[in-house]
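Here is a short briefing for a first look at this structure. Please keep the sequence and the 3D view open while reading.

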Amino acid sequence: MGRTLFDKVWESRLVRRAEGVPDLLYVDLHLVHEVTSPQAFEGLRLAGRQVRRPDLTLATMDHNVSTGDDTPIDPLSEQQLAALQRNCDEFGVPLYATGSGREGIVHVIGPELGLTQPGLIVVCGDSHTSTHGAFGALAFGIGTSEVEHVLATQTLPQRKPRSLRIRFVGEPAPGVAAKDYALAAIGRLGVDGGVGHVIEYAGPAIEALLMEGRLTLCNMSIEAGARAGMIAPDEVTFAYLEGRPGAPRGADWERALERWRTLPSDAEAVFDREIEVDVSKLVPQVTWGTNPGMVVPIDGVVPNPLSFADPDARAAAERALAYMALKPGTPIRDISVDRVFIGSCTNSRIEDLRAAAAIVRGRRVHAGVRAMVVPGSAQVKRAAEAEGLDRIFLDAGFEWRRAGCSMCLGMNPDVLAPGERCASTSNRNFEGRQGAGGRTHLVSPQVAAATALEGHFAVPT
Amino acid sequence: MRPFRSVTSRAVVLDRPDVDTDQIIPKQFLRRIERTGFGEFLFFDWRKDPDFELNQLGADRARILLAGRNFGCGSSREHAPWALQDWGFEAIVAPSFGDIFRQNSLKIGLLPVELPVEQVKASMRRASSGEELVVDLEARTAGGFPFELDDFSRDCLLQGLDDIGLTMRDEAAITAYEAAYAAPISTLAL
């Protein structure tokens with residue numbers, strides 16, 4: 001029987017398999033950040049344990065950093081950042097601290113450093129670790145107890161999830177982005193449709209995506225409840241990786257290529273589930289509710305809760321509409337926004353910023369809208385500035401900020417005020433996610449940019 | 001971790017699907033670097049509503065939470081199970097859980113019990129009328145309904161086993177794997 005990409009990575013990282021217990025997997029890359037690691041390091045300290053493989057571990061500061069130039073951080077946040085610095089010093093873990101020039105959102109810097117590679121197992125104390133699967137890695141989020149486990153042993157006991165393949169076929173219309181593929185798929189699967197599964201994204205529309213789009217798509221896997229999302233490595237993957245600091249060189253590069261070319265799922269591989277999405281039928285997507293599965297096309301209307309057959313789903317829709325202050329039947333394009341956020345591990349890479357800047361160039365943010373762009377990493381920020389993207393955004397009235405997770409989760413001062421409505425390129429529209437009482441609509445960078453200019457949901461014209 | 005055998009208690013009923021970990025413990029409390037003390041911030045925003053389920057009389061003494069499907073979806077923050085446990089919950093019964101939340105809960109001795117939705121709803125009706133429920137891990141029953149949990153997870157919970165200590169018993173296998181393993185990256189060489 002053929003094997004899937006997921007099977008191949010899993011089996012190659014098997015340290016121990018025994019009857020009745022979870023498989024023990026070896027971890028190739030462990031990414032660490034300030035929020036989910038302090039208790040794990042403390043656990044090591046209390047047990048007198050070391051970090052087994054600092055050379056396979058990398059820390060950065062992203063969730064709880066200021067993106068302004070001189071915004072003061074509160075004492076608790078400073079304590080948390082200081083704890084990461086102290087822990088990394090004590091345990092010998094390399095740290096890309098704020099101001100190092102290499103810092104950024106953990107899921108942006110792994111790929112840009114060339115550390116995220118095909119066939120690896122990548123973990124991080126963050127659910128959006130699924131992002132790294134865009135390279136054909138098996139990458140998933142873990143909790144703090146598991147962070148401690150990986151620090152101590154470089155392994156993780158895991159039961160093998162089931163497999164789900166989503167084939168994307170057809171050619172997208174202009175203005176339809178990878179974010180729309182993700183939202184449309186989640187809308188169809190539901191936010192728990194992927195629970196217990198690892199998704200493989202495949203098909204001609206995936207092969208046509210650049211790495212940035214693939215990262216966006218894999219990033220959102222967790223929003224369908226899936227453990228991970230993966231895409232078979234191909235020439236696009238290899239071209240992205242070649243020459244990056246963490247990528248192999250010379251003869252090692254050639255050997256790596258040989259290995260990576262064996263990873264894609266075999267033609268006869270069988271998946272536990274399969275679905276197909278025709279992207280030629282998609283239009284840009286906008287969420288209307290309080291989870292990413294509550295989504296409609298931009299030319300649609302806010303749905304009526306009565307249209308949901310399941311009583312739990314109907315009650316959830318009613319709650320969501322009350323929280324979002326929306327009435328059934330309202331055309332999505334008629335909904336105006338107070339804020340626009342372009343950033344997050346979903347959509348803060350250079351291609352995302354280029355796509356948004358192309359729409360914004362020479363125009364002005366709508367009166368009354370506060371719009372910000374937060375590059376995903378210090379490197380993305382430099383690259384964007386070298387191309388003049390910062391000027392395009394600033395001239396249009398956007399704020400241009402320093403790298404970090406920022407308003408995706410609002411741990412730092414970048415938050416919505418109660419009742420404010422935001423078009424956001426991030427990944428979660430949960431109640432209060434971007435600030436208590438804030439109302440989040442998830443969109444692509446293209447829709448976010450056009451919405452900033454129009455003041456209501458819009459597609460680029 | 002804390003061992004778990006059984007619990008008999010009134011239950012809080014939170015009959016909503018897709019309760020995410022951002023609701024269970026909002027982000028402003030993730031700045032703390034401790035593992036304890038999160039209970040007072042559990043469902044911080046929702047508790048501002050006096051009608052919220054956790055504000056009802058006796059909820060602070062409940063040891064069992066009955067929840068809707070996909071409970072604990074979203075963020076990987078282990079602060080969510082920490083907060084539930086710190087509040088006093090020992091078992092969460094729901095039709096399904098977010099994968100990471102479920103895993104995190106098992107690691108700290110907070111028992112996630114999966115039952116078919118009709119059985120959860122039936123338990124909710126009984127709990128709402130004030131009936132105490134029993135969650136018995138040895139017998140693998142909750143509210144009288146049998147539930148599934150693999151033997152390994154059950155044994156770890158019953159004995160309160162330290163996961164890292166267990167893996168360290170496989171030190172020989174890890175060392176053998178590493179001997180044949182050519183690390184594809186080095187974060188120290190960048």
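Strand 2 of chain B runs parallel to strand 3 (residues 64–67) of chain B, and 4 bridges join them. Strands here are DSSP runs of E with at least two residues, helices are runs of H or I with at least four, and both are numbered from the N terminus. Two strands count as paired if DSSP finds at least two bridges between them. This is a predicted model, in which local features need pLDDT of at least 70, side-chain atom pairs count only at pLDDT 80 or more, and totals for chains, interfaces and linings use all residues. Residues are numbered from 1 along each chain as its sequence is written, while chains are lettered from A and ligands numbered from 1 in the order in which they are written.

**The sheet of chain B**
- B:Ala11 stands opposite B:Ile64 in strand 3 of chain B.
- The open sheet has 4 strands in the order 2-3-4-5, with parallel pairing.
- Strand 2 (11–14) and strand 5 (111–114) of chain B are at the edges, each with a single partner strand, so one side of each has no neighbour in the sheet.
- From one strand to the next, the twist averages 20°.

**Strand pairing in chain A**
- Strand 9 (residues 162–169) of chain A runs parallel to strand 10 (residues 197–202) of chain A, joined by 6 bridges.
- The chain crosses from strand 9 through helix 6 (residues 178–189) to strand 10 of chain A in a right-handed β-α-β crossover. Right-handed means that, with the strands pointing away from the viewer, the path from the first strand over the helix to the second runs clockwise.
- A:Ser163 has A:Val198 in strand 10 of chain A as its bridge partner.
- Strand 9 of chain A also pairs with strand 12 (residues 273–278) of chain A, in the parallel sense over 6 bridges.
- A:Arg165 stands opposite A:Glu274 in strand 12 of chain A.

**Where the chains meet**
- 49 residues of chain B are in contact with 65 residues of chain A. Contact means that C-beta atoms, placed from the backbone, lie within 7 Å.
- Helix 3 of chain B gives the most to the side of chain B that touches chain A, with 6 residues.

**A helix pair in chain A**
- In helix 12 of chain A, A:Leu353, A:Arg354, A:Ala357 and A:Val360 meet A:Leu389, A:Ile392, A:Phe393 and A:Ala396 in helix 14 of chain A.

Conventions:
Contact = placed C-beta atoms within 7 Å. Axes fitted to C-alpha atoms, helices over the stretch in contact; angles between N-to-C directions.
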